[in-house]
Amino acid sequence: MISSEPKSEVVTIRMTSEMKERVEKLAQATNRSKAFLFGEAISSYLDVNEWQVKAIQEGLDEARSPEAKWTSQENLEAKYAED
């Protein structure tokens, strides 16, 4: 039988006793394994942070491009003082 699941690897982490207890309680309350909860948590963290880093890099690339347009602090203050 060939599994369609990607191969998983074992990773060891350190956490406080309080955090471990919280994970154990949540696993029991949701009828999920601790491994499942860790996987979900790490996946969510990666989604958010990868998106954020990508957006920052795109902004930096745009700012560094020869076509970038800049304005002075004084012009910005004048523009938003009118609103």
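Start at Ser-33. Ser-33 sits in the loop between α1 and α2, and α2 covers residues 34-64. Remember that this is a predicted model. Is Ser-33 buried, exposed or partly exposed? Its relative accessible area is 40%. Buried means under 20% and exposed means over 50%, so a residue in between is called partly exposed. That is why Ser-33 gets the label partly exposed.

Now look back along the chain from Ser-33 to Val-23. The two are 10 residues apart in sequence. In space, their C-alpha atoms are 9.3 Å apart.

Next, Asn-31. This residue is in the loop between α1 and α2 too. Most residues other than glycine have a negative phi.

How accessible is Asn-31? Its relative accessibility is 71%. The cut-off for exposed is over 50%, so Asn-31 counts as exposed, at 71%.

Take Asn-31 together with Ser-65. They are 34 residues apart in sequence. From C-alpha to C-alpha, they are 51 Å apart in space.

Helix α1 runs over residues 17-30, which is 14 residues. From its first C-alpha to its last, α1 reaches 20 Å. The expected value is also 20 Å, at 1.5 Å a residue, and the helix comes close to it. One thing to keep in mind when you look at any α-helix: there are 3.6 residues a turn, so residues three or four places apart point the same way.

On to the last stop, Ala-81. Where is Ala-81? It belongs to helix α3, residues 73-82. Ala-81 is exposed, with a relative accessible area of 62%.

Let's step back to the whole chain. How many helices and strands does the chain have? There are 3 helices and 0 strands. From the N terminus on, the order is α-α-α.

Now its dimensions. The C-alpha trace spans about 60 × 35 × 25 Å along its principal axes. A compact globule of 83 residues would have a radius of gyration near 12 Å. This chain has 23 Å. Buried residues make up 4% of the 83. The chain exposes about 8400 Å², and carbon and sulfur atoms supply 54% of that.

Charges, quickly. The chain has 11 positive and 16 negative charges. Their mean positions are 11 Å apart.

Finally, the record. An unreviewed UniProt entry carries the annotation "domain: Ribbon-helix-helix protein CopG", covering residues 10-47. Over residues 10-47, the model is 74% helix and 0% strand. The end C-alpha atoms of that stretch are 21 Å apart.

Definitions and conventions
Residues are numbered from 1 along each chain as its sequence is written. This is a predicted model: local features need pLDDT of at least 70, side-chain atom pairs count only at pLDDT 80 or more; totals for chains, interfaces and linings use all residues. Side-chain values use heavy atoms; hydrogens and water are left out. UniProt positions are given in the numbering used here, feature names are shortened, and annotations may be inferred rather than shown by experiment. Helices (H or I, at least four residues) and strands (E, at least two) are DSSP runs, numbered from the N terminus. The radius of gyration is taken over C-alpha atoms; the globule rule is 2.2 Å times the number of residues to the power 0.38. Buried means under 20% relative accessible area, exposed over 50%, partly exposed in between (1.4 Å probe, protein chains only). Accessible areas come from the Shrake-Rupley method with a 1.4 Å probe; for residues, only the protein chains shown count as cover. Lys and Arg count as positive and Asp and Glu as negative; His and the chain ends are not counted. The place of a charge is taken as NZ of Lys, CZ of Arg, CG of Asp or CD of Glu. The expected span of a helix is 1.5 Å times one less than its number of residues.
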